[in-house]
Each structure stands twice: as structure tokens, then as C-alpha cells.
Amino acid sequence: MKESLLDIICCPIDKHDLELEVDEKDGDEIISGTLTCPECGETYPIEDGIPNLLPPDMRDEVTA
Amino acid sequence: MGVLENKARARLFYKYLSKVYDTINPFIWNDEMRDEALELLDIQPDDQVLDVGCGTGFATQGLLQYTENVHGLDQSIHQMQKAFKKFGKNDQVRFYRGDAERLPFKDNSFDVIWSSGSIEYWPSPVDALVEFRRVVKPGHNVLVVGPDYPRTTAMQKVADSIMLFYDAEEADRMFEEAGFVDIEHHIQQAYPGSPKAITTIARAPDE
């Protein structure tokens with residue numbers, strides 16, 4: 001995902017802005033990292049370039 | 001209670017269904033019907049469009065004919081992997097994993113919201129529609145395509161046991177409850193006798 005998407009994405013639970021921590025980048029594409037909601041403390045992973053913004057109760061597919 | 005009301009089950013179901021998904025659907029939905037539905041919307045080249053339940057990217061393809069700013073959201077990565085093959089992962093479309101009933105987008109983020117072949121799997125359709133109204137800009141349109149409720153008793157039993165089907169009256173109730181105005185429905189059918197799709201366009205009220 002591109003950093004500019006932070007303008008539209010938010011925490012799916014409380015709709016608060018998210019903070020980005022980048023682990024791996026390829027040009028302006030963020031390949032892996034973590035999105036954190038400073039309001040509720042929930043974290044959302046960026047996996048293989050795709051932000052996983054599923055609420056935690058739907059993120060249980062370990063082998064998916 | 002329908003078997004797909006449990007979201008975890010729905011995801012498992014999709015994991016296997018995604019292998020054949022482009023050919024299986026509770027209603028018949030083809031290019032022609034998709035393009036007809038797209039014409040009902042007035043999508044401008046600079047519009048930001050969200051495709052909820054984008055799945056394998058069938059509608060996404062159509063939306064890209066109108067604007068380059070298409071965002072695809074789905075709960076299942078398996079479904080989206082097919083879409084990645086069509087459009088690239090980070091190229092033509094911005095993809096997200098997320099829940100239709102708890103959208104990870106800020107208020108008033110999109111000019112148009114499209115969702116086809118997804119509503120029948122949502123446990124609480126009105127909750128998802130309330131979210132649509134929140135993230136679409138005031139005065140702008142959403143379009144939802146779902147399976148029209150069958151007219152014969154045998155098919156109704158099948159429908160009730162599998163997933164959500166609804167008629168125009170029920171669609172009115174859901175969209176009104178979610179706060180939409182100017183709600184209109186179009187029943188679309190591939191050929192006589194095939195399962196019908198119900199396409200609803202509704203507008204978020206002006207501020």
C-alpha cells in the first residue's frame with residue numbers, strides 16, 4: 001500500500017486515524033509494516049503489500 | 001438461520017468456493033448486466049470508487065472503465081488473489097482486507113460505493129449499509145446488487161436456508177433504515193427463467 005492511503009483509512013472499530021510503522025518498502029510501496037490505532041491500541045498488519053484491516057475477531061485464519 | 005450467518009464459516013466457505021467462484025452465484029450476473037448497472041451510475045473520471053466485496057474483481061474490471069481510482073475491499077485473501085492476477089497487487093487498484101459492516105475508511109471518503117454479489121453473505125445488511133452511508137460523500141450514490149427473492153416455494157426454501165435474498169420492499173426497508181434517500185430498484189435477469197438480480201441505487205442525504 002502507499003502511504004497516501006493513510007488519508008482515507010482508519011481503525012475499523014473506533015474510526016480513529018491510524019499510525020504507520022514501515023518494516024519493508026519497495027519504492028513508494030509499503031510491503032510490510034503495522035498500522036496502529038492510538039485510540040484503542042489495536043494493531044493491523046500490512047501483509048505482502050495489502051493492509052489487513054479486518055477487525056481482530058475476524059482475523060483468525062492462521063493458515064489462510 | 002442461514003449457514004453463512006457465521007462469518008468464520010463464510011470465510012471457510014469462500015476459501016473453497018473461490019476456486020470456482022467466477023462461475024457460481026446465487027443469481028446470474030454477466031458482463032452485460034454489470035455494464036447496464038454501471039450505466040445507472042454517473043461515475044466521473046476523477047471519482048474515488050469503493051468496491052465492497054470485490055472478490056475476484058469482476059465488477060472492479062467494469063469500474064475501471066470509468067475511473068482509475070478504484071479501491072477494492074474483501075474479507076477473503078483467497079478471493080482477492082484472483083483479482084491480483086488481473087490488476088496487479090499495487091498497480092491499477094488499491095486493495096484492502098476488511099469487513100463490510102465495520103469499514104476501515106474515514107467519513108465521506110468516496111464518490112461512489114459499489115457492491116455486487118456480497119450483501120447475501122452479510123450477517124447484518126443494515127449495519128453495512130449504515131457504514132456505506134458514513135463513508136460515501138453526502139449527496140452521492142451507492143449501488144448494491146443482490147439476489148432477488150425467488151417466486152416459487154421450492155426455491156424460496158433453498159434461498160432461506162442458504163443466504164439472504166430480498167425483494168424490492170425489503171430492500172426499501174433496509175436502505176431507509178440505513179438513512180438513504182431516492183432509493184430505486186432494477187430487477188436484472190440474464191434470460192427468462194434464470195435467477196434474478198436486484199440492483200438498488202440509493203443516495204446519501206445532502207449535508
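**Figure 1. A:Asp26 in strand E1 of chain A.** In this predicted model, A:Asp26 belongs to strand E1 (residues 19-26) of chain A; helices (H or I, at least four residues) and strands (E, at least two) are DSSP runs, numbered from the N terminus. A:Asp26 is exposed, because 9 other C-beta atoms lie within 10 Å. Here a residue is buried if 20 or more other C-beta atoms lie within 10 Å of its own, exposed if 12 or fewer, and partly exposed in between, with C-beta atoms placed from the backbone. A:Asn52 is 26 residues from A:Asp26 in sequence and 18 Å from it in space, C-alpha to C-alpha. Residues are numbered from 1 along each chain as its sequence is written, while chains are lettered from A and ligands numbered from 1 in the order in which they are written. Local features of the model need pLDDT of at least 70, and side-chain atom pairs count only at pLDDT 80 or more, whereas totals for chains, interfaces and linings use all residues.

**Figure 2. The fold of chain A.** Chain A has four strands and zero helices, in the order β-β-β-β from the N terminus. The radius of gyration of chain A is 11 Å, close to the 11 Å that the globule rule gives for 64 residues, so chain A is as compact as a globular protein of that length. The radius is taken over C-alpha atoms, and the rule is 2.2 Å times the number of residues to the power 0.38. Of the 64 residues in chain A, 23% are buried.

**Figure 3. The side of chain B that touches chain A.** In chain B, 19 residues are in contact with 20 residues of chain A, a contact meaning that the C-beta atoms, placed from the backbone, lie within 7 Å. Helix H1 (7-17) and strand E3 (93-97) of chain B are the elements that give two or more residues to this side, and E3(B) provides the largest share, four residues. The side comprises seven nonpolar, four polar and eight charged residues. In this division Ala, Val, Leu, Ile, Met, Phe, Trp, Tyr, Cys and Pro count as nonpolar, Asp, Glu, Lys and Arg as charged, and the others, Gly among them, as polar.

**Figure 4. The open sheet of chain B.** Seven strands of chain B are ordered E3-E2-E1-E4-E5-E7-E6, with mixed pairing; two strands pair if DSSP finds at least two bridges between them. E3 and strand E6 (181-188) of chain B are the edge strands, each pairing on one side only. Strand E2 (residues 70-74) of chain B runs parallel to E3(B), joined by five bridges. B:Val70 has B:Val93 in E3(B) as its bridge partner.

Figure 5. In the largest nonpolar core, of 62 residues, B:Val49, B:Ile113 and B:Val135 have the most contacts. E5(B) gives the largest share of this core, five residues. Such a core is a set of buried Ala, Val, Leu, Ile, Met, Phe, Trp, Tyr and Cys residues joined through C-beta atoms within 7 Å. Leaving aside neighbours within four places in sequence, the contacts of B:Val135 include B:Leu50, B:Phe110 and B:Ile113.

Notes:
Contact = placed C-beta atoms within 7 Å.
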